[in-house]
Amino acid sequence: MGKGFFQVPKAKNEPIKSYAPGTPERDEVLKAYRRYYEGSVDIPLYIGSKEIKTGNTRPMSPPHDHKHIVGQYHLAEKEHVQEAIDNCLESRNAWANLTWEQRAAIFLKAAELIAGPYRAKINAATMIAQSKTIHQAEIDSACELIDFLRFNVAYMADIYEEQPDSAAGLWNRVEYRPLEGFVYAITPFNFTAIAGNLPASAALMGNVVVWKPSDSQIFSAKVIVDVFKEAGLPDGVINVVYGDPVMITETVLASPDFAGIHFTGSTHVFKQLWKQIGNNIDIYKTYPRIVGETGGKDFIIAHPTAKPQQVATAIVRGAFEFQGQKCSAASRVYLPKSTSKEILDLVKKDVESFNKPGSPEDMSNFITAVIHEGSFDKLAKYIDQAKEDANAEIIVGGGYDKSEGYFIEPTVILTTDPKYTTMETELFGPVVTVYIYEDQDWSSTLKLVDETSEYALTGAVLATDRYAIDEATKALQNSAGNFYINDKPTGAVVGQQPFGGARASGTNDKAGSAQNLLRWVSPRLIKETFVTPEDYRYPFLG
Ligand code: NAD
């Protein structure tokens, strides 16, 4: 603690810029986009004070123009991963003992750098690396990351303030120690904000981190590293490695000092990590913290009283923004027969109003590319299957083309089987499946929604009937960690809707909340007695 009870600045959500034609932010981001697009960046590993170029490189390309190369990154060997761990452990003492307000200041500065001089860079890098439209980049890599950094500082202060009572003659106090060891952060491709937050939240609480970004996000991850460096994060606090995820993970999890994992990604990878940690449990000095936010099969259910235009908009935005590659994206929809035709006609009209999928540099595009060939091929396979299956019909979209970019048309599958494969399986693309129920089957359909998928991340009910809303809220209590009434199931905002799901969707430690930060500390209770007893006998002994 410093020499004062410092109050951190009140956290506020970063306002979203419009990027409308003629605005200065539009010009600035398009210039940054061009600079990156025409340049060639060479991204090293960041270990301690060293920037290591191993010479074993992989090229990076925008998903919407996969033959174009925007740079390369260097792959780690086992020895580099070990070096990253060693650097964490060397840096740990100094970092863990730095007063909290100094740590807070670094991350608050990082937030302001992203809000100001790095905003166009981080957005442009995200547009290129993950093929996000400017709006999707702005709400993710600028606003959400800024919010994570600002709000986490405020939550940290709240946590530190939480202290026990003390009876007369003694003083109880709790110090929120960082974990004894290092934290391993593994991040997904789809959110630059998550990539920044997973290592940063653990580091903010005084931990040292090995960070492994997704291969598909390294181009924008580099901007995060640049920001942290400029904000004054000391070398060795967050060490960054890329390469074979299996080798890197095996090396990290074999360390006796491994103290926790902060993961976001798919369910099968997380289950594998959990098993590996379990198998290694005897080698660790402490029980590792396991935090994972994973897949989803997120639903929209409309009641017969829901307004068709509102349902259609929730579907179009919820399923297709960022090509459905949000863990919260709506991917299974339940519509009542009475209004289904009107709703689906409105959805078709909206989708037909989109341009063909294209580059985010053309700001009239609402839909851009999916992340990589593996994702493209998987989606194309499910679309082809739906074209053949008797119990499925494609009513919108269904086209795809990977000659230039990994473009999949926004696609709506209508099925007569509520357990059809695309009602259950996470596809992670611009494909939504609709099942139409008989109006009188509303209550049993709620049960169906609850029982159809292994996931429980997000879900939405649309209705005007308050009894129906109440019934859905109760029936779907365990079906989603983030539940929306009369809204789309995407777009959680830090500081307002802490995010996370249960069942196969994760440990529900709510990113962007104090609950998450509590996983990165191990509290120590200190009891100090002022007048220490000198006689063992209690009065009852006479
Ligand atoms: P992914 O599981 O393919 O990859 C995530 C990370 O794990 C990457 O860094 C990857 O390199 C690494 N990885 C892959 N295989 C590994 C292995 N065997 N051992 C160790 N690490 C390994 O996920 P993705 O495609 O990057 O992201 C999409 C997934 O993430 C979806 O399932 C989505 O629902 C989920 N997601 C969930 C949330 C949430 O908050 N619940 C948020 C974003 C994304």
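Predicted model: local features only at pLDDT ≥ 70, side-chain atom pairs only at ≥ 80, totals over all residues.

Searching the whole structure turns up 21 aromatic pairs. Take Phe 376 and Tyr 406: their ring centres are 6.2 Å apart and the planes sit at 50°, so we call that pair tilted. It links distant parts of the chain, with Phe 376 in helix H12 and Tyr 406 in the loop between strands S15 and S16, 30 residues apart. Buried or exposed? Phe 376 is buried, at 3% relative accessibility, and Tyr 406 is buried too, at 11%.

Now look over at Tyr 538 and Phe 540, which make a stacked pair, 6.3 Å centre to centre with 15° between the planes. Here Tyr 538 counts as exposed at 57%, and Phe 540 is exposed as well, at 68%.

There's also a cluster: Phe 6, Trp 100, Tyr 160 and Tyr 176 form one aromatic group.

Next, charges over rings. Lys 121 lies over the face of Tyr 118, 4.5 Å from the ring centre. Arg 173 does that with Trp 171, at 4.3 Å.

What does its side chain reach? The backbone oxygen of Asp 165, at 2.9 Å. Leaving out neighbours within four places in sequence, Asn 172 also contacts residues including Pro 164, Ser 166, Leu 525 and Lys 527.

Conventions: Residues numbered from 1 in each chain as written. Heavy atoms only, no water. Polar contact = N/O pair within 3.5 Å; in protein donor to acceptor, adjacent residues only side chain to side chain. Contact = heavy atoms within 4.5 Å. Phe/Tyr/Trp six-rings, centres within 6.5 Å; stacked < 30°, edge-to-face > 60°. Helix = DSSP H or I, 4+ residues; strand = E, 2+ residues; numbered from the N terminus. Buried < 20%, exposed > 50% of the residue type's maximum accessible area, 1.4 Å probe, protein only. Lys NZ or Arg CZ within 6 Å of the ring centre and 35° of its normal.
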